[in-house]
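Colleague: I'm new to this one. Could you walk me through how to read it?

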Amino acid sequence: MADGENVVRTRVRALTTGDTEDHGGRTTGGGLLRHGLDTGKNIVRNSVRNTYVFFACLILLGALVACSKPPQPETTETQQPTGLESIPAADPEKYPSVSDMAAWKNPYLVVREDGIGFVDLSNREIHVLKQEEIPAELVALPSSAWPYGRVVLVAQAVPKNPSEQTKADLRKNRALLLGTLKELDVQIREAP
């Protein structure tokens, strides 16, 4: 048993000191074990380094994706036909001077609290229209009614009863009229 104890002690000593036995029973130095530990440390270091590099690349890629703009869809914004396409664009060179607005020949609209007044230039009568009637009224005009191109004169009526409600109605009607004219691609000339 003494020899068996020596073998066990040798193997325990080998495990604690790093000595190993080769196949011939000879004891080798702890260099092999240390080499194995050093190699293991290098593997761990390389793994950690590779992990850091991986995460750094991942963060960089995420930052690049976050900073890039998404592709913009092509704007296929086609204007709906308004019926006024045959009328040329507004030509400010043809407008009468501000002091001579009585000579205005294009459509003339007056914002009122009860709707939009359409001025009949032949007799200076005002026909009160609802907002939704404006496009049809402008389209129904002959091309000779547009000597300055697609532009209308817009004035605002002075309310008889200037209450807060009247002022609010005027603002609302004006905003709706301007929106309608923009949709029709009609320019606006403000009356003095």
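This is a predicted model: local features need pLDDT of at least 70, side-chain atom pairs count only at pLDDT 80 or more; totals for chains, interfaces and linings use all residues.

Modeller: Residues are numbered from 1 along each chain as its sequence is written, and side-chain values use heavy atoms, leaving out hydrogens and water.

Colleague: Is Phe-55 buried, partly exposed or exposed?

Modeller: Buried means under 20% relative accessible area, exposed over 50%, and partly exposed in between (1.4 Å probe, protein chains only). Phe-55, in helix 2 (residues 31-67), has 44%, so it's partly exposed. Helices here are DSSP runs (H or I, at least four residues), and strands are E runs of at least two, numbered from the N terminus.

Colleague: And Thr-166, buried or exposed?

Modeller: Thr-166 lies in helix 4 and counts as buried because its relative accessibility is 8%. Contact means heavy atoms within 4.5 Å; leaving aside neighbours within four places in sequence, Thr-166 touches Glu-113, Pro-159 and Asn-161.

Colleague: What is the strand order in the open sheet?

Modeller: Strands pair if DSSP finds at least two bridges between them. The five strands here run 5-4-3-6-7, with mixed pairing. At the edges, strand 5 (125-129) and strand 7 (187-190) each pair on one side only.

Colleague: How many bridges join strand 6 to strand 7?

Modeller: Four, and these two strands run parallel. Val-154, for instance, has Glu-190 in strand 7 as its bridge partner.
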